[in-house]
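Here are my notes on this one, for you to read with the model open. Have a look at the fold and then go through the points below.

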Amino acid sequence: MRILILIAIGLLLYIIIGNILRKNKLSSLEDTDPEKMVSCKHCGLHILEQEALKSGQSFYCSQSHLEADTQAK
Ligand SMILES: [Zn+2]
């Protein structure tokens, strides 16, 4: 009978820890959205924000487009 109690406690801990880990993962996803798409200011190409190069409020698909747009002014 004791082994059943141990299994029940183990399962309970597993569920509780799983919920905590899932909540942490969700809240960290909200901070940095990995799926967010932005468009290159120079050519309009859509890229993931995490892969884009940022200059001020503008995003660029590559270093050359960033330089082309910032040096044009
Ligand atoms: Zn571009």
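1. First, a term: two residues are in contact if their C-beta atoms, placed from the backbone, lie within 7 Å. By that rule, and leaving aside its neighbours within four places in sequence, Ala52 is in contact with Val38, Ile47, Phe59, Tyr60 and Cys61.

2. Bear in mind where this comes from. It is a predicted model, in which local features need pLDDT of at least 70 and side-chain atom pairs count only at pLDDT 80 or more, while totals for chains, interfaces and linings use all residues. Residues are numbered from 1 along each chain as its sequence is written.

3. On confidence: pLDDT is the predictor's confidence in each residue, from 0 to 100. The chain averages 88, and 85% of the residues score at least 70. Helix H1 (residues 2-31) has the lowest confidence, at a mean of 87, and strand E4 (residues 58-60) the highest, at 95. Where pLDDT is low, the predicted coordinates should not be read in detail.

4. The layout has 2 helices and 4 strands, in the order α-β-β-β-β-α along the sequence. Helices (H or I, at least four residues) and strands (E, at least two) are DSSP runs, numbered from the N terminus. Of the contacts with a separation of 6 or more, 10% are between residues 24 or more positions apart.

5. What about burial? A residue is buried if 20 or more other C-beta atoms lie within 10 Å of its own, exposed if 12 or fewer, and partly exposed in between, with C-beta atoms placed from the backbone. Buried residues make up 7% of the 73 in the chain.

6. Cys43 is worth a click. It sits in the loop between strand E1 (37-39) and strand E2 (46-48). Why does Cys43 count as exposed? Because it has 12 other C-beta atoms within 10 Å. Apart from neighbours within four places in sequence, Cys43 is in contact with Cys61 and His65. Cys43 and His65 are 22 residues apart in sequence, and 7.7 Å apart in space, C-alpha to C-alpha.

7. Then Gln63, in helix H2 (residues 63-71). Gln63 is exposed too, because it has 9 other C-beta atoms within 10 Å. Gln63 and Leu53 are 10 residues apart in sequence and 7.0 Å apart in space, C-alpha to C-alpha.
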